[in-house]
Amino acid sequence: MRGPSFASAGPHWNPTTHQHGKENPAGPHAGDMPNLDIGEGGTGRDRTIFTLPGGTYQQLLDQDGAAIVIHADPDDYKTDPSGNSGGRIACGVFQAM
């Protein structure tokens, strides 16, 4: 059985028009995140904190919305547009509280 593709989340958030990845000389995207360390069976203790460039949080809550997308494989931190990280396996929506 195949799950959803989460294509409606759109492309990587990239208001600065950089390429993907902290190891890419033309990167990173404003929305790039570090890899999450999740073990077999979907469990993990990763408490990764990431920081977006100054002034960009409000842009996540603009009219077209924003989502967080989790990919199947580790990000190589250099391949554009998504770090050669495989298909999208999970997605969530950002909303103001």
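**Exercise 1. The largest pocket**

The largest pocket has a volume of about 970 Å³. Determine which residues lie nearest the centre of the largest pocket, and which element gives the most to its lining.

*Solution.* 

Step 1. Note the basis of the values. This is a predicted model, in which local features need a pLDDT of at least 70 and side-chain atom pairs count only at pLDDT 80 or more, whereas totals for chains, interfaces and linings use all residues. Residues are numbered from 1 along each chain as its sequence is written, and side-chain values use heavy atoms, with hydrogens and water left out.

Step 2. On a 1 Å grid over the protein atoms alone, a pocket is an open set of points where a 1.4 Å probe fits, with protein on both sides within 12 Å along at least five of seven lines; lining residues have an atom within 4 Å of a point. Grid points are joined across faces, edges and corners, and the volume is the space filled by probe spheres set on the points.

Step 3. Read the lining. The largest pocket is lined by 37 residues, and Met33, Ile68, Val69, Ile70 and His71 lie nearest its centre. Two or more lining residues come from each of helix H1 (57-60), S1 and strand S2 (88-93). The largest contribution is that of S1, with five residues.

Step 4. Sort the lining by type. It holds 20 nonpolar, eleven polar and six charged residues. Here Ala, Val, Leu, Ile, Met, Phe, Trp, Tyr, Cys and Pro count as nonpolar, Asp, Glu, Lys and Arg as charged, and the others, Gly among them, as polar.

**Exercise 2. The chain and its confidence**

State how many helices and strands the chain has, and where confidence is lowest and highest.

*Solution.* 

Step 1. Count the elements, which are DSSP runs numbered from the N terminus (helices: H or I, at least four residues; strands: E, at least two). The chain has one helix and two strands, in the pattern α-β-β along the sequence.

Step 2. Consider pLDDT, the predictor's confidence in each residue, from 0 to 100. The chain averages 80, and 85% of the residues score at least 70. Confidence is lowest in H1, at a mean of 74, and highest in S2, at 88. Where pLDDT is low, the predicted coordinates should not be read in detail.

**Exercise 3. Ile89 and its surroundings**

Decide whether Ile89 is buried or exposed, and which residues it touches.

*Solution.* 

Step 1. Ile89 lies in strand S2 and counts as exposed because its relative accessibility is 51%.

Step 2. Contact means heavy atoms within 4.5 Å. Not counting residues up to four places away in sequence, Ile89 touches Phe6, Ile70, His71 and Ala72.

Step 3. Ile89 and Ala72 are 17 residues apart along the chain, and their C-alpha atoms are separated by 5.8 Å.

**Exercise 4. Backbone exceptions**

Identify which residues are joined by a cis peptide bond, and what phi Phe6 and Thr17 have.

*Solution.* 

Step 1. Recall the general rule. Most residues other than glycine have a negative phi, and most peptide bonds are trans.

Step 2. Find the cis bonds. One joins Gly27 and Pro28, with omega about 0 degrees; another joins Asp80 and Pro81, with omega about 10 degrees. Pro28 is in the segment before H1, while Pro81 is in the loop between S1 and S2.

Step 3. Examine phi. Phe6, not a glycine, has a positive phi of about 60 degrees, and Thr17 has a positive phi near 55 degrees. Phe6 is partly exposed, at 21% relative accessible area, whereas Thr17 is exposed, at 67%.

How values were computed:
Buried < 20%, exposed > 50% of the residue type's maximum accessible area, 1.4 Å probe, protein only.
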